[in-house]
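The following paragraphs guide a new reader through selected parts of one structure. Please keep the sequence and the model in view while reading.

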Amino acid sequence: MLKKMLKVVAGTSALTLVLSACGGGAPSNTASPAETAPAKKEVSFSIAYAIGDPATKQAMATAVDAFMKANPNVKIKNISDGGSSAYLDFLKTKDAVGEFPDLVEMRDAQLFADAGKLAELPSDIAGLFDNVPQVNGKVYVAPISLTLPQGIIYSKKLYEEAGIKEEPKTYADFLTAQEKLKAKGVSPIVVGGKDVFHWGFWINKYFVDEMFVKNPNWNAQRSKGQVSFTDEGPMKAMQSFTELFTKGYVDKGYLSTADNQTASMLVTGKAASLFSGPWMFEQIKQADPKFDFGWYPVPDQQGNVNLVGLPQPQGWAISAEAAKSPEKTEAIKQFISFFFSKDQYTKFLKAVNGVAATKEKITYETMPQMQKVLDVMADPKVKKSLQINNFWGDNQIPPQFRNWFYKLAQEWLTKGDFSVDYMKKADAEWDTEVKAMKK
């Protein structure tokens, strides 16, 4: 497969870890530096990050191992959980039992900053990036990469066999393509519904189309009772979402299919496509290096392209508790600097098909599918938003609502009885949680 060289504008000066050596008092002609240099004090800290796709999991683990090899006096305890539970729930559980990570990949910065769990990012680390979104007027996170959108990753072979000659330009074209695939006896789309987070891809696709690109402050207005899930936008969004499943466009085994099984189903022809992000490209290549696939964004019903892609306060964050220890804080800063050093960061971005968040330019090889993603993201006509749970400040959603709503959607899909009553339940749940937050 032809590859293009991609230059990514990022933000981080490559920092070199300086090993200090002190004389031990003995003459230089009688003792080697190794004998006279004092041993570095051992320090340890815990780390946790979201484990979703295998490519990211492996890239994170590789970075941690490489750092410990280069810094044998620092021990990193990886407490990341690879289960199907939501990452937010995992962090809440760790906090409840007194095991909140020292260094944590933070995806809900507003929630944990308000709870006093995060330390402000040291200025020398924050300086590696441009325009990091602030929470409560402070910078708490070092962005691991820029936000990348979800889109349709599809089998060119199955699309061609179904008579789909070009990628859909309108939502009607998209539905027509699914009908053609279904008529061929192929499951048009595989969904990894066993994992809670996977539900956010499709649900937020429609929420972005019908709500957030039109009203970025929808969440804040919902908390004030000024808008409702029963309004035209949210209702239309979830009707479109429901029809995707009820019309047979989604593989029937979605509730028992894990996110990490979707690539296999795609390359083996059990499904024609997958709605996910570029982090899946490498996993697909590993599953079948010869598999020919494409990528395209799903247009809205007016033919516009709206994507998740705005900057957000997500990335590495230091816990407030860890920040109380100078030794632990210094070791964590060393790791963050190592992670964003040019050589290591390039390896990570290449493994996950990421776009650097740092100031420094980074060059690495990428594939045509990733270049298509970057071209779409750079298109000035494309509108960008955030997922419902990625807003902060006044637009932060109640902490339990996201997973509650994803499970509610599973309920109405299973029963096949979507109606305005479900959206009334969503309003009631939101209001209940907002009241609880104010107590």
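Predicted model: local features only at pLDDT ≥ 70, side-chain atom pairs only at ≥ 80, totals over all residues.

Threonine 329 touches Ala322 and Ala323, when residues up to four places away in sequence are not counted. Threonine 329 belongs to helix H13. With a relative accessibility of 16%, threonine 329 counts as buried, because the limit for that class is under 20%.

Helix H14 comprises residues 342-352, and its buried residues are Gln344, Tyr345, Thr346, Phe348, Leu349 and Val352. The cover over these buried residues of H14 includes helix H13 (326-339), together with helix H2 (54-70) and strand E11 (361-366). An α-helix has 3.6 residues a turn, so residues three or four places apart point the same way.

Asparagine 353 follows H14 and lies in the loop between H14 and E11. The phi angle of asparagine 353 is near 55°, a positive value in a residue other than glycine. Is asparagine 353 buried or exposed? Asparagine 353 has a relative accessible area of 2% and is therefore buried.

Asparagine 136 has a positive phi of about 55° although it is not a glycine. This residue, asparagine 136, is found in the loop between helix H5 (123-126) and strand E5 (151-155). The relative accessible area of asparagine 136 is 47%, so asparagine 136 is partly exposed.

Which strands are joined to E4? Strand E2 (residues 43-48) is joined to E4 by 2 bridges, and the two run parallel. In this pairing, alanine 48 stands opposite valine 104 of E4. Strand E10 (residues 315-318) is joined to E4 by 4 bridges, and here the strands run antiparallel. Isoleucine 318 in E10 stands opposite leucine 103.

How many cavities of 30 Å³ or more does a search of the whole structure find? The search finds 3 such cavities. The largest cavity holds about 150 Å³ of space. Its lining consists of 18 residues, and those nearest the centre of the largest cavity are Arg107, Asp108, Asn389, Phe391 and Gln396. Helix H4 (residues 109-114) provides the largest share of this lining, namely 3 residues. Sorted by class, the residues lining the largest cavity are 9 nonpolar, 6 polar and 3 charged.

The second largest cavity has a volume of about 100 Å³. A set of 13 residues lines the second largest cavity, and Gln150, Lys205, Phe275, Asn306 and Leu307 lie nearest its centre. Helix H8 (199-212) and strand E9 (306-308) each contribute at least two residues to the lining of the second largest cavity. Of the elements that contribute, H8 gives the most to this lining, with 5 residues. The lining of the second largest cavity divides into 8 nonpolar, 3 polar and 2 charged residues.

Aspartate 427 has its place in helix H17 (residues 420-438). Its relative accessibility is 11%, so aspartate 427 counts as buried. Which residues are in contact with aspartate 427, leaving aside its neighbours within four places in sequence? The residues in contact with aspartate 427 are Arg222, Ser228, Phe229 and Thr230. With arginine 222, the contact is also a polar one: the side chains of aspartate 427 and arginine 222 make a polar contact at 3.4 Å.

Glutamate 243 has its place in helix H10 (residues 232-246). At 38% relative accessibility, glutamate 243 counts as partly exposed. Between glutamate 243 and phenylalanine 418 there are 9.9 Å in space, C-alpha to C-alpha, while the two residues are 175 residues apart in sequence.

Terms used: Residues numbered from 1 in each chain as written. Heavy atoms only, no water. Buried < 20%, exposed > 50% of the residue type's maximum accessible area, 1.4 Å probe, protein only. Polar contact = N/O pair within 3.5 Å; in protein donor to acceptor, adjacent residues only side chain to side chain. Contact = heavy atoms within 4.5 Å. 1 Å grid on protein atoms, 1.4 Å probe; cavity = no way out; pocket = protein on both sides within 12 Å on 5 of 7 lines; lining within 4 Å. Points joined across faces, edges and corners; volume = space filled by probe spheres on them. Nonpolar A, V, L, I, M, F, W, Y, C, P; charged D, E, K, R; others polar. Pairing = 2+ DSSP bridges.
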